[in-house]
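This briefing concerns selected helices and charged side-chain pairs. Please consult the sequence and the model below while reading.

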Amino acid sequence: MIGLDIDVATLDEKASAVNALGIICCHSPKLCQTKFKEILEALEKLQFYFHENVKYHVSLAYLQITIGLMRLNGLMNGDDKYEWVKGPAAGSPVPPQVLEFISQVVLPYYFQVFDQEEDKQVIERVLENMREISEDLGPAAFQLNTPQIMKYVALFLNKKAFCQTKMMEGENDDDLEDVEGEGPEEDEASEEESEDDGIDHDELIFGNTSDLVIAMARSMGNEFAPYFHEIAPLLVVYTGDNYPKSDKNMALGCISEVFANCECVIPQYFNDYLPLLEKNSNTKDSKMNRNIAYNIGVLAQHAPLLF
């Protein structure tokens with residue numbers, strides 16, 4: 001843009017400052033106790049800062065503060081891990097302070113990001129943060145917000161989330177302005193780069209979404225069953241012939257991990273799922289073949305009587 005001057009150094013300083021706050025809160029939570037309110041107020045002011053790198057680090061800082069609060073409550077073992085147990089949230093409770101922070105600060109912000117943010121790298125970071133919270137804190141982490149989380153999972157799987165639809169609606173060639181000095185070759189190269197970038201990020205979003213589903217299934221066990229029933233048809237869509245192998249592999253991998261950790265759902269899907277595995281078992285793709293073999297192994301281990 002002509003006449004627009006942005007001080008990149010200031011942007012980097014803000015992002016670095018937020019990153020430093022997150023790291024300090026994560027590893028030295030006692031030092032931050034007296035300034036906790038001020039830290040949260042500073043982060044809140046930057047939640048929807050115009051530059052994506054700042055928002056990226058704000059979302060990450062909330063994850064780091066969450067881990068810091070767990071440390072502050074003395075729940076991390078010698079390996080710096082919380083030893084949660086798969087299953088009901090009551091079996092692995094987290095401190096009320098942590099649960100309140102997740103349900104009243106972290107997740108409301110993440111949901112707002114899903115509703116408003118168009119930059120897919122920020123969305124990817126938020127999904128990764130949610131996966132890490134589930135992996136680190138276990139089944140209790142999302143106990144107050146699981147239905148909302150699954151609503152957004154369904155949106156991402158349907159490709160109807162804000163970041164996936166904003167650039168699809170109401171666009172046409174008349175909306176594009178010619179830029180003086182750019183030739184046809186440059187226009188074509190920019191268009192190809194933009195398309196490639198979009199495809200990569202859509203794939204990453206699907207991968208991050210399926211990783212979040214896997215993490216929640218691993219922590220919740222059979223408690224995850226009603227939520228899997230909601231998204232199972234959406235996952236199966238990605239195994240269709242009109243989807244690339246990478247999507248097929250991620251979908252099959254996600255389903256197999258849910259089956260391995262939420263065994264009670266297998267009988268309902270067995271008769272439809274086994275033919276799907278057989279259909280994809282004759283490819284020359286080694287990754288697909290490994291995936292199919294693993295899926296069959298999961299079914300044999302967790303539902304032997306159905307074979």
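The model is a predicted one, and a search of the whole structure finds nine salt bridges.

**Helix 11**
- Helix 11 comprises the 17 residues 245-261, and its end C-alpha atoms lie 24 Å apart, in agreement with the 24 Å that 1.5 Å a residue should give.
- Because 14 of its 17 residues are buried, helix 11 is largely enclosed by the rest of the structure.
- N249 is located in helix 11 and counts as buried, at 7% relative accessibility.
- Beyond its neighbours within four places in sequence, N249 is in contact with D285, K287, M288 and N291.

**Helix 7**
- In helix 7 (residues 146-157), T146, I149, M150, Y152, V153, F156 and L157 are the buried residues.
- These residues are on the same side of helix 7, because they cover an arc of only 160 degrees around the axis.
- Just after helix 7, K159 adopts a positive phi of about 60 degrees.

**Salt bridges**
- E135 and R131 form a salt bridge with closest N and O atoms 3.0 Å apart; being four residues apart in helix 6, they are separated by about one helical turn.
- Within this pair, R131 is buried at 19%, whereas E135 is partly exposed at 33%.
- R218 pairs with E257 at 3.2 Å between the closest N and O atoms, linking helix 9 to helix 11 across 39 residues.
- R218 is partly exposed, with a relative accessible area of 37%, while E257 is buried, with 16%.
- Salt bridges with shared partners join R125, E128 and E132 into one network.
- Between R125 and E132, the N to O distance is 3.1 Å.

Terms used. Residues are numbered from 1 along each chain as its sequence is written. This is a predicted model: local features need pLDDT of at least 70, side-chain atom pairs count only at pLDDT 80 or more; totals for chains, interfaces and linings use all residues. Side-chain values use heavy atoms; hydrogens and water are left out. Helices (H or I, at least four residues) and strands (E, at least two) are DSSP runs, numbered from the N terminus. The expected span of a helix is 1.5 Å times one less than its number of residues. Buried means under 20% relative accessible area, exposed over 50%, partly exposed in between (1.4 Å probe, protein chains only). Contact means heavy atoms within 4.5 Å. The arc is that of the directions from the helix axis to the C-beta atoms. A salt bridge is a side-chain nitrogen of Lys or Arg within 4 Å of a carboxyl oxygen of Asp or Glu.
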